[in-house]
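Hello,

Here is the structure for you to open alongside this message. My notes follow below it.

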Amino acid sequence: MGLKNLIFGNAKSSFTPEWRNQSFSLCDLYGLEYGIGLSMLLLLLLFFQGGPCGVLAAVQVFVLKHLLFGGEKGDSKKYSPSSRERTKALTSAISEILWRTGDSRGAVVALPTGGSNVFGAGRYKLDQLTEALVLYTFKSSESLLSFISQNISQFESDSSSGCILLLYSVILSRSIRKVISDMDEPQGRLMGAQDYCTQELVNLLITGKAVSNTFDNIMEVDTGGSKKNVFKGIDKQSDIGFLSLFEHYKSCEVGVNYKNPNYPIWVICSESHFSVLFSIDRNLLDDWRLEKKFDLYYYDGLARQDEELRLTVDTTKECPEYKDTDLVPPLELCIRTRWKNAVIDWNGSEPIL
């Protein structure tokens with residue numbers, strides 16, 4: 001009940017088919033082997049409804065981190081990996097996410113058993129998954145990684161509910177109590193309207209804390225009473241970055257801790273949809289001269305993307321002012337929240353509008 005109350009706001013709600021049928025199966029298209037794929041059934045379902053794109057994007061960025069950079073500083077690796085390399089990167093990504101949410105002191109993995117001794121009641125609706133979980137607790141990152149490696153099919157198989165299992169494992173690794181205390185509102189939820197991931201959930205997956213905002217550190221607002229309102233943001237430089245279309249429209253602020261991550265990989269938020277932007281140059285953000293003109297690669301596991309999408313960002317030029325009637329790709333607007341007024345070349349690909 002605690003898990004469902006935190007996710008949905010009540011224990012009678014259940015996950016939609018978009019969530020129940022989503023795993024972390026990897027794409028087999030040439031040039032996109034690093035990507036987490038999606039079944040045609042889910043593509044059709046998600047065209048009309050919300051889904052777990054926030055979870056997919058968060059796992060995708062950590063898969064890229066391990067494929068490109070091996071989790072360490074140094075030269076990037078080729079990102080057309082073999083099947084074995086992809087599975088190893090997915091294993092490392094899931095383990096890293098869980099270990100971080102457990103404050104690098106422990107982690108919990110929730111896996112289904114197929115059976116259940118729980119019976120439904122008025123305040124709880126059975127879903128044949130939540131009540132069938134067994135929880136495995138780990139006190140070292142090595143034992144966690146080994147266990148995930150042995151059970152990666154539970155997350156990777158097309159027939160699994162890998163997204164939900166990771167979501168439960170992340171919450172339990174952090175603890176329900178800490179996730180609630182992370183958020184600005186004690187009644188906050190991790191599932192938003194139309195079953196999209198909230199900002200709190202995406203922050204939890206990327207940084208290990210379910211804070212409600214994307215600005216740096218903490219913001220205190222004096223409302224005239226004896227107690228100030230406290231709004232929590234990202235408290236240190238993140239390994240993975242985050243850029244938002246909402247910032248372009250001045251409805252949120254993304255701080256330096258997210259805009260300038262340790263690795264040149266960003267989750268992109270365009271309205272309620274999440275996708276991925278990355279560079280294969282590990283040193284891009286370490287030398288301002290490299291940021292004069294550079295390539296970024298875009299991946300969206302839910303957009304039926306079937307070929308590599310490379311964008312060239314030129315900060316030595318300034319883009320022209322747009323009229324209100326001009327159609328500007330939202331991805332360009334997101335990129336310009338990080339590299340102001342940069343000129344962006346789609347290199348022959350059709351801009352995504």
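Is Phe147 buried or exposed? Phe147 is buried: its relative accessible area is 14%, which is under the 20% cut-off.

The average pLDDT of the chain is 88, and 91% of the residues score at least 70. Watch residues 39–49, where pLDDT stays under 50. The model has 17 contacts beyond four places in sequence for that stretch. Where pLDDT is low, the predicted coordinates should not be read in detail.

Now the sheet. Six strands make up an open sheet with mixed pairing. Their order is β5-β6-β7-β8-β9-β10. At the edges stand β5 (241–244) and β10 (343–345). Each has a single partner strand, so one side of each is left without a neighbour in the sheet. From one strand to the next, the twist averages 30 degrees.

Inside that order, β6 (residues 265–270) and β7 (residues 273–278) pair in the antiparallel sense, over six bridges. Ile265 stands opposite Phe278 in β7. Helix α4 (residues 53–69) lies across β6, β7 and β8 (293–299). The helix runs at about 15 degrees to β7.

Next, the aromatic rings. The count comes to 10 aromatic pairs. In the pair of Tyr136 and Phe147, the ring centres are 4.8 Å apart and the planes are at 40 degrees, so the pair is tilted. Tyr136 belongs to strand β2 (residues 133–138) and Phe147 to helix α6 (residues 141–150), so the pair ties together parts that are 11 residues apart in sequence.

Phe294 and Trp339 form another tilted pair, with 5.0 Å centre to centre and 55 degrees between the planes. This pair links distant parts of the chain, 45 residues apart. Phe294 is in strand β8, while Trp339 is in the loop between α13 (330–336) and β10. Both Phe294 and Trp339 are buried.

There is also an aromatic cluster. Phe8, Phe15, Trp19 and Tyr168 form it.

Last, a charge over rings. Which rings does the charged end of Arg282 sit over? One is the ring of Tyr263, with the charged end 4.3 Å from its centre. The other is the ring of Phe69, at 5.9 Å from the centre.

Best wishes

Definitions and conventions
Residues are numbered from 1 along each chain as its sequence is written. This is a predicted model: local features need pLDDT of at least 70, side-chain atom pairs count only at pLDDT 80 or more; totals for chains, interfaces and linings use all residues. Side-chain values use heavy atoms; hydrogens and water are left out. pLDDT is the predictor's confidence in each residue, from 0 to 100. Contact means heavy atoms within 4.5 Å. Two strands pair if DSSP finds at least two bridges between them. Helices (H or I, at least four residues) and strands (E, at least two) are DSSP runs, numbered from the N terminus. Axes are lines fitted to C-alpha atoms, for helices over the stretch in contact, and angles run from 0 to 180 degrees between N-to-C directions. Rings of Phe, Tyr and Trp (its six-membered ring) pair if their centres lie within 6.5 Å; planes under 30 degrees apart count as stacked, over 60 as edge-to-face and the rest as tilted. Buried means under 20% relative accessible area, exposed over 50%, partly exposed in between (1.4 Å probe, protein chains only). A charge sits over a ring if NZ of Lys or CZ of Arg is within 6 Å of the ring centre and within 35 degrees of the ring normal.
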